[in-house]
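User: I would like to learn how to read a few features of a protein model. Please take them one at a time.

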Amino acid sequence: MNRPAAKERVQWKTIHKDMTKEAIKRSFQMNRQYLLSKDQYSATLYDNYWALSVAIRDRLVERWITTQQQYHKQNCKRVYYLSLEFLIGRLMGNFAYNMGLEKEVYAAMEDLGYDFDELRDQEFDAGLGNGGLGRLAACFLDSMATLGIPAHGYGIRYDYGIFNQQIKDGHQVEHPDEWLRLGTPWEFARPEYTVKIQFYGRTQSVDNKKGGFHVKWIDSQDVLAIPYDVPIPGFKNDVVNTLRLWSARSTEDFELEYFNTGDYEQAVYKKILSENISKILYPNDNVISGKELRLKQEYFFTAAAIHDIIRRYKSENTDLSLLPTKVSIQLNDTHPTLAIVELMRILMDEYDFGWDKSWEITKQTFAYTNHTLMPEALEKWPIDLFGKLLPRHLQIVFEINDRFLQEIMQRYPGDEERLRRMSVIEEGQPKMVRMAHLAIIGSFSVNGVSQLHTELLKSRVVKDFYELTPEKFNNKTNGITQRRWLLKSNSELSQLITENIGDHWIKDLSVLKNLLPLKDNESFRKKWQEIKNSNKKILADYIYKKTNLVVDPQSMFDVQIKRIHEYKRQLMFAFYILSQYLTVKNEPEKFIHPRTFLIGGKAAPGYFMAKLIIKFINNIAAVINSDKNVRDKIQVLFLENYRVSLAEKIFPASDLSEQISTAGTEASGTGNMKFMLNGALTIGTLDGANIEIKQCVGPENIFIFGHEAEQIEELRLKGYKPQEYINRSPMLKEIIRLMETDFFSRVEPGIFKPLIESILNWDTYFICADFESYCQMQNQVANLYRNREEWTKKAILNVANSGFFSSDRTIREYADEIWKV
């Protein structure tokens with residue numbers, strides 16, 4: 001690499017501190033020349049993106065180092081956020097905004113003849129997450145840094161993300177998400193903090209120095225966890241926290257004995273097997289090898305994190321028994337639960353603490369966030385697999401369970417059924433380790449993520465545990481960061497808001513309340529409408545470039561974007577779309593207003609029904625979009641490869657937000673909050689955070705339909721018969737008839753039979769029960785949308801009342817009530 005001259009080296013040392021336009025231009029040019037060995041003629045767009053990224057990153061580094069030094073000097077209590085996903089998206093634009101550099105960067109690139117937005121589009125979305133769980137974790141990191149909370153995130157540096165989704169002949173086709181193919185300028189390798197992780201092997205009891213014994217884990221197969229650090233800047237406060245991601249590497253590059261005999265594949269077999277751990281997010285666990293890899297991933301990153309946390313603690317402290325005074329570990333769902341067992345193992349086997357002291361330390365250190373009400377989503381692992389992979393940890397789990405069950409027997413003598421329900425070990429063939437039970441037992445705090453979710457946890461899902469330790473349970477309604485989801489993704493609306501009420505809302509979203517009087521200002525409403533139309537045109541242009549489909553920005557953009565799952569009821573949305581199609585065809589006088597229906601989301605590769613729903617949506621889109629008699633009234637589009645960067649285009653352009661999960665199934669949802677923050681109105685059930693949205697905006701400013709959670713439970717207990725509801729609904733009956741006669745599958749007859757059978761025989765998520773109520777509420781939506789002034793007033797009111805849903809508020813609650821930092 002060419003070295004700059006001495007004078008330039010001095011400039012380089014100081015220029016990265018300078019936040020001016022000229023300094024950014026100079027940094028950009030020097031990075032391109034000396035880091036990439038390119039000039040303005042040979043550099044590609046990606047080269048220029050990289051040069052600018054490093055220019056922005058360099059201005060973070062000094063602040064990053066200073067932040068970490070301050071944490072060390074103050075020996076403050078730190079928060080460690082463990083999550084299998086961090087859906088951080090693209091970083092360059094977000095970092096520029098958080099550092100207050102966006103205007104200077106835009107101007108610098110314009111001076112040099114480049115478009116900042118075009119360079120931002122060169123960045124790959126970081127493939128570190130799938131859906132709401134990972135996006136929530138990313139919002140929380142942003143808020144922790146903005147609030148100045150000493151925090152570290154821990155996760156896995158996946159070589160490949162969940163997958164890139166392609167729609168081919170209506171089917172989802174998965175392709176590798178090679179987000180690291182060209183590297184990333186945002187990470188720093190830290191090989192000096194490598195951790196050795198053990199798997200398999202056996203245990204051996206040995207005497208310790210205190211006259212007792214401890215257990216050694218021997219004959220294991222080892223993998224190296226290499227850390228990579230990503231800076232997480234707060235908003236204009238010079239705080240930069242750290243996201244540490246672990247990458248798996250083999251302890252040996254190859255086995256020389258095999259290599260020398262010519263068996264080259266066997267020579268590198270162990271290396272490949274070891275490094276599979278961090279290859280891909282969520283391997284298909286429909287097969288045993290996939291389950292084993294998933295469990296390996298969960299232990300790999302939690303064990304590395306616990307070792308790293310203890311290393312950092314010991315650099316500032318000596319007495320491990322005081323760990324909870326300096327460390328609070330938040331488990332983001334059950335995936336990191338093995339951290340509880342790993343800390344127990346280290347305290348007992350490596351530091352010779354007794355069981356009681358180790359358990360006391362552990363229970364005071366961990367807090368657990370539950371994210372699901374779905375029984376099948378509460379993780380369980382077969383004991384045989386668990387014991388084979390982690391023999392020492394299974395011993396500890398058994399001991400935790402034995403002691404816990406003794407406590408239950410003393411508290412509830414003779415209640416054998418309660419013992420069975422609460423045991424960490426689920427009896428059956430095979431026996432299973434219940435990770436949610438382990439997380440609750442081993443944590444001092446258990447929280448849900450919306451009011452309804454927390455109440456259902458306490459009254460249904462883990463009722464026995466709530467009765468045992470009610471003081472553990474609390475609610476922390478989820479939130480989103482306004483820096484990403486309004487300031488960055490909806491710049492025009494952000495500017496309008498700032499011009500009228502100032503910019504304090506960027507750090508305190510409750511300030512948006514000051515917009516309320518402006519909803520009655522005609523001039524303000526007109527500007528608001530112009531911005532919404534502009535955002536819709538931007539999305540329409542994107543759709544045309546990607547699909548060659550022309551959509552009408554004057555139509556209502558009716559949107560459902562989220563992970564594809566039966567309980568989220570994309571199928572019910574599809575049925576409503578068909579009801580509108582049939583109305584236009586058969587009773588056009590009853591059709592109210594044109595709509596563009598937009599659906600997006602990925603289905604897990606092994607989830608047959610979810611993938612079939614995608615196919616169904618694409619088939620009905622093909623029928624509707626090709627019908628010249630309806631295309632000026634209805635258009636349907638499945639947006640391929642939904643991801644963070646695409647979401648940033650969709651939310652600002654949306655008119656109606658579809659939050660229609662079966663009541664009592666969605667823990668919270670955060671998409672509903674992003675729509676609300678960008679001025680879309682919500683149609684939904686009383687599920688998840690929809691309930692809090694209704695409380696904030698009032699029942700007249702949200703479109704609520706369908707059965708409530710208790711009513712759904714009553715239907716289930718009485719013996720729900722979907723056919724009764726189909727018989728009462730001529731529209732639903734006609735939709736089912738068209739499906740049965742392959743109207744939407746002429747080329748592939750019978751392909752939708754599983755969907756039909758599911759609806760007719762089980763309808764697990766009560767689509768039929770809610771369908772008529774849904775259609776009636778949609779008529780109210782359409783009628784209101786025709787009155788644009790009233791619609792706009794309600795849109796402004798929704799944005800003005802969205803302050804509660806800032807992740808800053810959520811994190812303050814965690815900090816004050818759980819972490820005590």
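Analyst: What follows covers a helix pair, a strand and a loop residue. This is a predicted model, where local features need pLDDT of at least 70, side-chain atom pairs count only at pLDDT 80 or more, and totals for chains, interfaces and linings use all residues. Residues are numbered from 1 along each chain as its sequence is written, and side-chain values use heavy atoms, with hydrogens and water left out.

User: At what angle do the axes of α14 and α16 cross?

Analyst: Two packed helices are described by the angle between their axes and the distance between the axes. Here the axes of α14 (residues 355-363) and α16 (residues 391-411) cross at roughly 90 degrees and come within 13 Å. The two helices are therefore roughly perpendicular (65 to 115 degrees). Trp355, Asp356 and Trp359 of α14 make the contact (heavy atoms within 4.5 Å) with Ile396, Glu399, Ile400 and Arg403 of α16.

User: Which strands pair with β2?

Analyst: Strands pair if DSSP finds at least two bridges between them. β1 runs parallel to β2, joined by four bridges, and Leu82 stands opposite Tyr154. β10 (residues 240-250) also pairs with β2 in the parallel sense, over five bridges; there Thr242 is the bridge partner of His152.

User: Where is Asn75?

Analyst: Asn75 sits in the loop between α3 (45-74) and β1 (78-82). Asn75 is buried, at 19% relative accessible area.

Definitions and conventions: Buried < 20%, exposed > 50% of the residue type's maximum accessible area, 1.4 Å probe, protein only. Axes fitted to C-alpha atoms, helices over the stretch in contact; angles between N-to-C directions. Parallel < 35°, antiparallel > 145°, perpendicular 65-115°, else oblique.
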